[in-house]
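Here are my notes on this model, as numbered points. Please read them with the structure open beside you.

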Amino acid sequence: NKTILLNQRPQGKPTLADFKTITEEVPAPQEGEVLLKTVYVSVDPYLRGRMNDARSYVPPFQLNEPIRSGIIAEVVKSKHADYQKGDFVSGTLAWKEYQTSTGKGLQPVDPSVAPLSSYLGVLGLTGLTAYLGLMEIGKPTKGETLVVSGAAGAVGSVVGQIGKLLGCRVVGITGSDEKVALLTDTFSFDQAINYKTAADLKQAIQTACPDGVDCYFDNVGGEISDAVMAQLNKYARIAVCGAISLYNETKVPMGPRLQPIILTRSATMRGFIVSDFAEKFPPASKQLAAWLGEGKLTATETIVEGFDRIPRAFLDLFEGKNTGKMIVKV
Ligand code: NDP
């Protein structure tokens with residue numbers, strides 16, 4: 001039974017040496033417990049923050065303790081009245097091949113309704129983050145221009161598709177020409193920009209957004225966001241969802257001072273953690289499932305196979321190796 005632990009706290013960009021794999025006995029479930037076999041593991045950019053010994057909205061991982069993330073698992077033994085062998089569940093679980101659980105925090109998931117991996121993506125926290133961040137903070141309306149950074153990623157690709165369903169002009173910013181083509185050809189974004197090759201990103205955004213930017217869904221922060229912010233319209237809304245370009249910085253980088261832009265455009269900038277909107281999860285999940293069922297939303301995933309490849313898959317998020325939700329199939 002393999003377990004992946006936090007071996008050391010990363011300095012800057014994380015590396016494989018920050019993780020350690022140990023092998024233990026498969027535990028036996030006690031009365032009131034289930035034995036879970038890990039099936040799919042979600043690797044997420046926010047786990048980087050939990051690897052630091054710093055105060056945040058979730059406590060840091062401890063050294064020599066297992067990393068935990070969203071996992072889909074199969075019940076392989078049950079001594080719990082609510083679960084039977086063969087049931088599938090999702091929850092925040094340890095990076096272990098097998099583990100026991102009392103059922104606390106587990107949600108049943110049904111493979112006959114949707115593929116199991118989608119409960120980590122569009123039907124899980126990813127989809128909820130995209131939908132609720134956009135609807136509650138971005139509030140885009142028909143005909144407005146919505147810019148999305150990290151646009152070909154798990155959250156970003158859903159945000160842009162919802163923007164199109166709402167009738168917006170949608171412009172995505174992403175890190176490769178293949179991703180640009182996917183956004184415009186498959187997801188019907190109006191335009192997409194490769195931030196790695198654009199000669200002048202500010203100019204490229206201005207050209208792609210001739211009517212300015214009404215709504216910005218920010219997954220990356222940093223210089224990309226500085227370039228978008230320069231194009232904001234009056235009453236623009238900025239949903240600050242993530243800042244992956246800054247997660248590995250060891251010093252706080254200096255950018256333009258944004259206050260004059262926020263002030264003169266009467267703009268609203270608001271950060272959020274998806275759990276802020278927990279009471280809206282049921283209707284949001286229902287809407288996402290309906291769009292998925294009607295074929296209006298496409299779930300994109302990058303699936304890597306093998307328990308041992310979990311750390312590598314996590315590191316690859318920072319290299320842009322994924323399109324859509326990065327998931328490890330065990
Ligand atoms: P993604 O699937 O978007 O994966 C990360 C992507 O970020 C990569 O594929 C890469 O794409 C891009 N990226 C990596 N490094 C950089 C960089 N230096 N500059 C710009 N882009 C970079 O991950 P998620 O969809 O899971 O998460 C997206 C963001 O949303 C993250 O910042 C995450 O922390 C945040 N988040 C926030 C939540 C909340 O509750 N607020 C919940 C879930 C996620 P590319 O090829 O385009 O560079």
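1. Start with what covers the buried residues of helix H5 (201–208). The cover includes strand E8 (145–149), strand E9 (169–174), strand E10 (191–194) and helix H6 (222–229). The buried residues of H5 are Leu201, Ile205 and Ala208. They span an arc of only 65° around the axis, so they sit on the same side of H5. The arc is that of the directions from the helix axis to the C-beta atoms. Buried means that 20 or more other C-beta atoms lie within 10 Å of a residue's own; exposed means 12 or fewer, and partly exposed is in between, with C-beta atoms placed from the backbone. Helices (H or I, at least four residues) and strands (E, at least two) are DSSP runs, numbered from the N terminus.

2. A word on the source. This is a predicted model: local features need pLDDT of at least 70, side-chain atom pairs count only at pLDDT 80 or more, and totals for chains, interfaces and linings use all residues. Residues are numbered from 1 along each chain as its sequence is written.

3. Next, the domains. The chain splits into domain 1 (2–121 + 300–329) and domain 2 (125–275), with bounds from an automatic or database domain assignment. Their centres, taken over C-alpha atoms, are 29 Å apart. Domain 1 gives 17 residues to the contact, and domain 2 gives 17 residues. Contact means C-beta atoms, placed from the backbone, within 7 Å.

4. Which residues are closest to the ligand? They are Gly153, Ala154, Gly175, Gly242 and Gly320, and 31 residues surround the ligand in total. A residue counts as near if its C-beta atom, placed from the backbone, lies within 6 Å. Both domain 1 and domain 2 give residues to this shell, so the ligand lies between them. Helix H3 (154–165) gives the most, with three residues.

5. Look at the largest nonpolar core. It has 88 residues, and Val41, Val147 and Phe217 touch the most other members. Helix H2 gives the most to this core, with seven residues. A nonpolar core is a set of buried Ala, Val, Leu, Ile, Met, Phe, Trp, Tyr and Cys residues joined through C-beta atoms within 7 Å. Not counting residues up to four places away in sequence, Val147 touches Val171, Ile173, Ile205, Cys209, Val213, Tyr216 and Val228.

6. Last, Gln11. Is Gln11 buried or exposed? Gln11 counts as exposed, because there are 11 C-beta neighbours inside 10 Å. Gln11 is in the loop between strand E1 (2–6) and strand E2 (19–23).

Methods
Contact = placed C-beta atoms within 7 Å.
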